[in-house]
Amino acid sequence: LITARDTIGIPSIGGHVEHHYRLGPLTFANSVRLFSSLCPYMHTPSDRKRLFNKMVAGMEEAELLPTDPGISQTVRKQFEQIGNGVPSNIEKAAYTISKDVFMSFLRTDDSHGVERMY
């Protein structure tokens with residue numbers, strides 16, 4: 001899978017043909033899922049689930065897009081930090097995010113187990 005804004009323009013890569021799909025932005029929940037799958041700070045499925053639960057679980061805004069009205073400032077900021085719902089931007093954010101920003105996603109009153117991830 002390659003994420004990019006434009007086609008690569010190469011007719012065949014290792015015997016595989018390019019299929020271009022234009023996607024709109026992902027919802028907040030799907031953005032967090034893709035981010036957690038790519039982020040090198042996430043090591044196990046339970047780490048990814050913990051991040052998802054901290055950022056998304058039970059949120060009324062989970063299925064909102066970054067441009068939807070009524071999105072909170074907190075979710076808008078997190079959307080920006082993880083790529084604004086654009087898969088190629090989410091990929092870039094996952095590999096370039098600072099540890100401090102990443103840890104801010106995990107900070108809640110019940111932060112038990114976070115240290116284990118590092």
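Author: Let us begin with exposure: a residue is buried under 20% relative accessible area, exposed over 50%, and partly exposed in between, with a 1.4 Å probe and protein chains only. This is a predicted model, in which local features need pLDDT of at least 70 and side-chain atom pairs count only at pLDDT 80 or more, while totals for chains, interfaces and linings use all residues. Residues are numbered from 1 along each chain as its sequence is written, and side-chain values use heavy atoms, with hydrogens and water left out.

Reader: What makes the phi of N84 worth a remark?

Author: The phi of N84 is positive, about 55 degrees, although N84 is not a glycine. Most residues other than glycine have a negative phi.

Reader: How do you know which class V86 and S72 belong to, by their relative accessible area?

Author: V86 has a relative accessible area of 23% and is therefore partly exposed, and S72, at 26%, is likewise partly exposed. V86 sits in the loop between α3 (73-81) and α4 (87-96), and its C-alpha atom is 8.1 Å from that of L23, 63 residues apart along the chain. S72 sits in the loop between α2 and α3, and its C-alpha atom is 8.1 Å from that of E61, eleven residues apart in sequence.

Reader: What elements does the chain hold, and in what pattern do they follow along the sequence?

Author: The chain has five helices and zero strands, and along the sequence the pattern reads α-α-α-α-α. Of its 118 residues, 32% count as buried.

Reader: Why are α2 and α5 described as roughly perpendicular?

Author: Helix α2 (residues 45-55) and helix α5 (residues 99-106) pack at about 70 degrees with their axes 8 Å apart, the axes being lines fitted to C-alpha atoms, for helices over the stretch in contact, and the angles running from 0 to 180 degrees between N-to-C directions. Angles under 35 degrees count as roughly parallel, over 145 as roughly antiparallel, 65 to 115 as roughly perpendicular and the rest as oblique, so α2 and α5 are roughly perpendicular to each other. In their contact, which means heavy atoms within 4.5 Å, L51, K54 and M55 of α2 meet F102, F105 and L106 of α5. By class, five of these residues are nonpolar, none polar and one charged, where Ala, Val, Leu, Ile, Met, Phe, Trp, Tyr, Cys and Pro count as nonpolar, Asp, Glu, Lys and Arg as charged, and the others, Gly among them, as polar.

Reader: What makes α1 and α2 roughly antiparallel, and α1 oblique to α4?

Author: The angle between α1 and α2 is about 150 degrees, with the axes 10 Å apart, and α1 and α2 are therefore roughly antiparallel. The axes of α1 and α4 come within 9 Å and cross at roughly 45 degrees, and that makes α1 oblique to α4. On the α1 side, the contact with α4 is made by S31, L34, F35 and L38, and on the α4 side by residues including P87 and I90.

Reader: Which residues of α4 are buried, and against what do they pack?

Author: P87, S88, I90, A93 and A94 are buried in α4, and the buried residues of α4 pack against α1 and α3.

Reader: Why is the pair of F35 and F105 called edge-to-face?

Author: There are three aromatic pairs in the structure, a pair being rings of Phe, Tyr and Trp (its six-membered ring) with centres within 6.5 Å, and planes under 30 degrees apart counting as stacked, over 60 as edge-to-face and the rest as tilted. F35 and F105 are 6.1 Å apart centre to centre with 85 degrees between the planes, and they form an edge-to-face pair. The pair links distant parts of the chain, with F35 in helix α1 (residues 28-38) and F105 in helix α5, 70 residues apart.

Reader: Are F35 and F105 buried or exposed?

Author: F35 has a relative accessible area of 0% and is therefore buried, and F105, at 3% relative accessibility, also counts as buried.

Note on methods:
Helix = DSSP H or I, 4+ residues; strand = E, 2+ residues; numbered from the N terminus.
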